[in-house]
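Visitor: Could you walk me through the salt bridges here?
Guide: Gladly, let's look together.

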Amino acid sequence: MSAPIRVRFAPSPTGYLHVGGARTALFNWLFARHHGGKFILRIEDTDRARHSEDAVQIIYDGLRWLGLDWDEGPEIGGDYGPYFQSERESIYQRYFDQLRAGGHLYVEDSGAWRFRFHRELVEVDDLICGKITFDFGNTEISPDMTIRRPDGSWIFHFVNVVDDLEMKITHVLRGEDHLSNTPKHIQLYQALNAAPPRFGHIPLILNKDGSKMSKRDQGASITSYLEGGYAPEAVRNYFCLLGWSPKDDREIMALDEIITRFELSNVNRKGAHFDIAKCDWFNAQYIQQMPAARYRELAQPWLAKAGISADPATLDPVLALEKMKVTHFREVPDRVSFFFTEDYTYDPAAVEKALHKPGALDRLAQLAECYAALEAFDAVTLEAKLKELATSLSVKPAEFIHPARVAVSGRAVGPSLYHMFEVLGKERVLARFHRTRERFAA
RNA sequence: GACCCUAUCGUCCAGUGGCCUAGGACACUCCCCUUUCACGGGAGUAACACGGGUUCGAAUCCCGUUAGGGUCACCA
C-alpha cells in the first residue's frame with residue numbers, strides 16, 4: 001500500500017490497436033489516475049521482424065485519441081527506460097544469467113533455453129477474479145516454457161516479467177487471456193527472488209454474437225473510430241462501461257466522475273459483448289450535449305475533406321441547425337453542404353413530389369413576394385408570415401412549406417425550415433426561390 | 001484432450017438470502033410532440049442456462065450438467 005502505484009500497458013506493435021487492448025489500457029489508466037499512480041507505456045517488440053514505425057504510431061495515435069496520456073514511455077521518457085523491449089537486450093541478458101546461475105534453465109538440442117517449472121499447486125490471488133488455484137501437479141504435458149530462442153532472441157513471458165520487475169510495476173492489469181500464464185509468471189518472479197506484483201485479469205471483449213473479435217470485425221480497430229466520425233469522449237465513456245459499472249444506473253459520465261468512482265472490485269468477471277449500436281448512441285448523446293466550439297472542432301476535419309471551410313461565425317449557426325440529428329461526424333458535410341454553395345443539387349424525388357405539383361411554383365412566387373417585404377428575417381417572423389399567407393389564400397401551410405424546402409435546399413428533408421431561412425438570410429433565400437422557379441418552370 | 005474463467009432481457013449493466021410479480025440503458029414495436037428528418041416525452045415486447053442440494057425463504061450459497069470463452073507456441 002505504501003509503494004506508489006505503477007501500472008503499464010504493454011502492447012505489441014502489430015499494426016492496429018484492438019478495442020480489447022484499448023480497453024485494457026483505459027482500465028490501467030483509470031486505475032492509475034484514481035490512485036494518483038503512474039501509467040507507463042512499454043512497447044513489446046521482441047519480434048523484431050514485425051516492428052515498424054507505422055505500427056508504433058498507430059498505438060500512440062489510438063491512446064492519445066482516447067485521452068490516455070502515459071507518464072513514462074516512448075516520446076515521454078522516464079527513469080526506467082528504454083521503453084522498447086528491442087532496446088533492453090543487456091537487461092534481459094543479466095536476468096537470464098541470474099536464472100541460469102540459479103539452475104532454473106536448461107538447453108534443448110535446438111539451442112532454445114527453457115525455464116524449469118515446478119509441478120505444484122500455484123495460487124493466484126487475482127484482484128478481479130479472486131483466488132484461483134492452478135494444479136500443475138499431474139499435468140501430462142510439460143509446463144516448462146521456452147524463454148529464449150536458438151537465435152538469442154527473447155520470448156514474451158520472460159521479457160514481460162523482467163520488464164515489469166525492472167520498471168517496478170505494482171499492478172498488472174491485463175486481458176483474461178493471460179490468466180492461465182500467470183502461475184508461470186509467478187514462478188519466474190520467485191526464481192528471480194522477487195515478489196510478484198498484484199494481478200488483475202480483465203474479461204475479454206467479444207463480438208455481439210459472442211465470437212472472438214478479430215481485426216476485421218466492426219469496431220475492433222481503434223482506427224475505425226478515428227475514421228468513423230466518433231467523438232473520443234463518447235467512445236471512451238462507452239468503453240468504460242464494457243466490463244465496469246458504477247453500480248448505479250449512471251451511463252453518461254464525465255471523465256472526472258469515472259476516475260473518482262473507478263474501482264477494480266467493480267470490474268466484471270464476465271466477458272463483454274461489443275455492441276456498436278450502443279456506442280453510436282453514446283456518440284449521438286455526446287454530440288447533442290457538446291459545446292459549439294468542440295462540435296465545430298470535431299466536425300471541421302470532415303468539412304475540410306468535403307471542401308467546405310468557413311470562419312466560426314459562419315459555421316456555427318449552420319452546424320447548430322443539424323446538431324441534434326448527427327450520430328457520426330462523417331454525416332455533417334452532407335447535411336450542411338447546400339449552405340455553402342449556390343450550385344446545390346436537387347433530389348429528383350423531392351422535385352417530383354414538391355415542385356411538379358400544380359401551383360407549387362406559384363406558391364414559391366407568392367412566398368417570395370411576402371418575404372421580400374420583410375424587414376426582420378428571423379425564424380419566428382418567417383413562420384408567422386408563411387402561415388398568415390396560407391390562411392389568406394385558404395391553402396394549407398404545407399403547400400408552401402414543401403416547395404420552399406426543396407427550393408432552398410434541393411431536398412425533402414433537412415433542418416427546421418424557418419431556422420434554415422434565417423441562417424441562409426433573406427437575399428439567398430429569395431435568390432434560391434427565384435432560381436428554382438426559373439429552372440423548373442413548365 | 002488437460003487446466004482455468006464465466007453463465008440475469010438480443011446487447012451492456014443493476015441485483016451479494018426476504019425490499020424481485022427481477023430494475024436501468026441500447027436496439028425493436030406503438031403512441032404523443034412535429035405539416036420534413038431528427039431530438040424529446042410516454043407505453044410495450046423481452047431474462048435469472050438446466051438439474052440437484054442448503055435454508056422458513058434463493059437470481060443471490062454449494063455440487064453436478066450443459067454452453068461459451070481462455071491457456072497449454074522457439075506469437076505477444
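Guide: A salt bridge here is a side-chain nitrogen of Lys or Arg within 4 Å of a carboxyl oxygen of Asp or Glu. This is a predicted model, where local features need pLDDT of at least 70 and side-chain atom pairs count only at pLDDT 80 or more, while totals for chains, interfaces and linings use all residues. Residues are numbered from 1 along each chain as its sequence is written, and side-chain values use heavy atoms, with hydrogens and water left out.

Visitor: How many salt bridges does the rule give?
Guide: Some of them join up: Arg8, Arg42, Glu44, Arg88, Asp163 and Asp164 form a linked network. The count by this rule is 32.

Visitor: Which residue meets glutamate 322 in a salt bridge?
Guide: Glutamate 322 is buried at 4% relative accessible area (buried is under 20%, exposed over 50%, partly exposed in between, with a 1.4 Å probe and protein chains only). The N to O distance in its salt bridge is 3.1 Å, and the partner is arginine 335.

Visitor: Is lysine 131 buried or exposed?
Guide: Lysine 131 pairs with aspartate 125 at 4.0 Å, N to O. Aspartate 125 is partly exposed at 36% relative accessibility. Lysine 131 has 58%, so the label is exposed.

How values were computed
Chains are lettered from A and ligands numbered from 1 in the order in which they are written.
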